[in-house]
Amino acid sequence: MQDALSLADVLAARRRIKDVATLDTPLVPSPHLSAIAGSDVLLKLETVQATGAFKLRGAANAIALLPPETAGVTCCSTGNHGRGVAYAAARRGLRAVICMSTLVPRSKVDGIRALGAEVRIAGRSQDDAQAESDRLVRDEGLTEIAPFDALPVIAGQGTIGLELVEQRPDLETVLIPLSGGGLAGGIGFALKRMKPSIRVVGITMERGAAMHAALQAGRPVEVTEVESLADSLGGGIGHDNRQTFALCRDYLDDVVLVSEEEIYRAMQAHYFEDRIVCEGASAVGAAALMAGKLGTVKGPVATIVTGRNVDMAVFTDIVNGRDVKLGDYLLKGSPYAA
């Protein structure tokens, strides 16, 4: 089957977004993770984006492709996509309405409002937020910027894959946080097109991992959303998924699950060892390496540190080794130990 996405799409996205998103984001060594893996481990710092996360790439590409008469844009988001849409829309002078569920941390809601967008809180799931975004398209004539399952968004995220191979042509393994598949599908596609031998691994949390469940079932399935340190990885992939399920199925070599406890320890390690403030979703690659869940890892290895938009009250509890409440689940804390 021929791919709907092409490498030309990803290359065009890079040209299109260069004045909105930060390209060639740093790829820096992590001596701590390198010692654990027994080979070079490099961190791709999407935390330096103006919105604090990689999502700006896909949003900027999708919005750049809109016709001049566009009335405004909307999306559903767990936070970072909404920030990207809000920022890119503001750069173009467009109205933006971001739809979110009650599970999204308050810090991310406030961050989107600060960028000038309207926020609508709808229900307790991404499906509820999506329903409100659909209503805005139907009733108010806004254009939806899909959070992951749209080719312009996927192509924008895929520009990270181009950069990885250009920055380190000798890369052998890339670890990518896995949610709806826009990031993992886009990067995986670009990497495999440029270097077919590279191992591409999607990493996600144990609880509520929608794409992992879909890949296991061979089709999109529903999952129950729960609170997680990796809240950016929450949400379903949609029963009518058109792009990302197939991309993840075809271009990911493995999918690895990490626990909340493992994410907690990885966030601590990024802070104390790498001097990085990051979200739980950003730390899943480190979590998999630290927990020994990747088997024999051929290096050099790169992991995508996807965003910095963490609830700082929760982050402070984590770096200080305190307990964290995730809905009905109490995550027992412990001081960091290298």
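**The cysteines in their setting**

Modeller: Happy to. The protein has 13 helices and 12 strands, and please keep in mind that this is a predicted model. Its radius of gyration is 18 Å, close to the 20 Å that the globule rule gives for 338 residues, so the protein is as compact as a globular protein of that length. Along the principal axes, the C-alpha trace spans about 55 × 45 × 40 Å.

Of the 338 residues, 58% are buried. Taking contacts between residues at least 6 apart in sequence, 74% join residues at least 24 apart. The protein exposes about 13,000 Å², and carbon and sulfur atoms supply 50% of that area. As for charge, there are 35 positive and 40 negative side chains, and the centres of the two sets lie 3 Å apart.

Now to the part you asked about. A disulfide is a covalent bond between the sulfur atoms of two cysteines. With a cut-off of 2.5 Å between cysteine sulfur atoms, the count comes to zero disulfides. C75 shows how this works out: its nearest cysteine sulfur, that of C76, is 6.7 Å away, and a pair has to be within 2.5 Å to count, so C75 is in no disulfide.

C75 has a relative accessible area of 0%, and buried means under 20%, so C75 is buried. C278 is likewise buried, with a relative accessible area of 0%.

Notes:
Residues are numbered from 1 along each chain as its sequence is written. This is a predicted model: local features need pLDDT of at least 70, side-chain atom pairs count only at pLDDT 80 or more; totals for chains, interfaces and linings use all residues. Side-chain values use heavy atoms; hydrogens and water are left out. Helices (H or I, at least four residues) and strands (E, at least two) are DSSP runs, numbered from the N terminus. The radius of gyration is taken over C-alpha atoms; the globule rule is 2.2 Å times the number of residues to the power 0.38. Buried means under 20% relative accessible area, exposed over 50%, partly exposed in between (1.4 Å probe, protein chains only). Contact means heavy atoms within 4.5 Å. Accessible areas come from the Shrake-Rupley method with a 1.4 Å probe; for residues, only the protein chains shown count as cover. Lys and Arg count as positive and Asp and Glu as negative; His and the chain ends are not counted. The place of a charge is taken as NZ of Lys, CZ of Arg, CG of Asp or CD of Glu.
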